[in-house]
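Please keep the sequence and the model in view while reading.

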Amino acid sequence: MTTDKRSLLKIGLTGGIASGKTTVTNLFIQHGVPVIDADVIAHQLVQVGQPALATIAQVFGHDILHSDGSLDRGQLREKVFAKPQQRERLEAILHPLVYAEITKQAQQVNYAYCIVSIPLLVETWKYAQVDRVLVVDCTEIQQRQRLKQRNQFDDKIIDQILAAQATRQQRLDIASDIIKNDNSLENLATQVYNLHLQYLQLATIPD
């Protein structure tokens, strides 16, 4: 299905860490929906040889680099989550570049709508970049369990990460649509399919 790029319906997908955003975006992809992922873009921006990585090393010190010049994410994580000012410095480097690339990729979409996955959509106040906000929701207890199982993070790191993000209620307050990720994968897939049909219909309604 194609549409005029000027009328592209952009769905901003967000949620707390370990809420299941990647699983949800993969389910949309299975229906042929284009996904623009801010995390993927950010990872590309800090590859070896990229100007953003050189800037980050200058600002935070070259000890955030491995011996081969690649980013030591663990070292950087410790620095930016320990002090809010450090996190803000990193965001000031990356966020303008990430949002510029999101805009560029959205202009190339040839479909009725697209998913724009922006984990920090609430924190960066970028609501105007999307038409609807889709929140993937789960409890903080579930987030903590998943972070321990998936990432082997300890409680201190988890506390720092959660404190740096918007609260669950703040995300729900700005949601146009909500996906509950507190059940089975089958249930999650059903929610995604229903929203997919809804978005296709919304995308065909004239402005």
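## Basis of the model

The structure is a predicted model, in which local features need pLDDT of at least 70 and side-chain atom pairs count only at pLDDT 80 or more, while totals for chains, interfaces and linings use all residues. Residues are numbered from 1 along each chain as its sequence is written, and side-chain values use heavy atoms, with hydrogens and water left out.

## Overall form

The protein has ten helices and five strands. These elements are DSSP runs numbered from the N terminus: helices are H or I with at least four residues, and strands are E with at least two. The C-alpha trace spans about 50 × 35 × 30 Å along its principal axes. The radius of gyration of the protein is 18 Å, which agrees with the value near 17 Å that a compact globule of 207 residues would have. That radius is taken over C-alpha atoms, and the globule rule is 2.2 Å times the number of residues to the power 0.38.

Of the 207 residues, 43% count as buried. Buried means under 20% relative accessible area, exposed means over 50%, and partly exposed lies in between (1.4 Å probe, protein chains only). The accessible surface comes to about 11200 Å², and carbon and sulfur atoms hold 50% of that area. Accessible areas come from the Shrake-Rupley method with a 1.4 Å probe; for residues, only the protein chains shown count as cover.

## Contacts and charges

Contact means heavy atoms within 4.5 Å. Among contacts with a separation of 6 or more, 75% are between residues 24 or more positions apart.

## Parallel strand pairing

Two strands are taken as paired if DSSP finds at least two bridges between them. Strand β3 covers residues 113-117. Strand β2 (residues 35-37) runs parallel to β3 and is joined to it by three bridges; V35 has I115 as its bridge partner. β1 also runs parallel to β3, with five bridges between them, and here K10 is partnered by C114.

β1 is joined to β4 as well, by four bridges in the parallel sense, and L13 stands opposite L134 of β4. β4 in turn pairs in parallel with β5 (residues 177-180) over four bridges. In that pair, D137 has K180 as its bridge partner.

## Covered strands

In a regular strand the side chains alternate between the two faces of the sheet. In β3, Y113, I115 and S117 lie on one side and C114 and V116 on the other, and all are buried. In strand β4 (residues 132-137), five of the six residues are buried, so this strand is largely enclosed by the rest of the structure.

## The loop between β1 and α1

G16 lies in the loop between β1 (9-14) and α1 (21-30). G16 is buried, with 2% relative accessibility. Leaving aside neighbours within four places in sequence, G16 contacts K21, V136, Q143, Q165 and R171. R171 is 155 residues away from G16 in sequence, yet their C-alpha atoms are 8.4 Å apart.

A18 is in the loop between β1 and α1 too, and is buried at 6% relative accessible area.

## Positive phi angles

Most residues other than glycine have a negative phi. A18 has a positive phi of about 65°. Q152 also has a positive phi, near 60°. Q152 is located in the loop between α7 (140-151) and α8 (155-164) and is exposed, at 60% relative accessibility.

## Two buried leucines in helices

L45 belongs to helix α2 (residues 38-45) and is buried, at 17% relative accessible area. Beyond neighbours within four places in sequence, L45 is in contact with Q50, A52, L53, L94, L97 and V98. The C-alpha atoms of L45 and V98 are 8.1 Å apart, across 53 residues of chain.

L200 sits in helix α10 (residues 185-204) and is buried at 17% relative accessibility. Y111 is 89 residues from L200 along the chain, with 9.6 Å between their C-alpha atoms.
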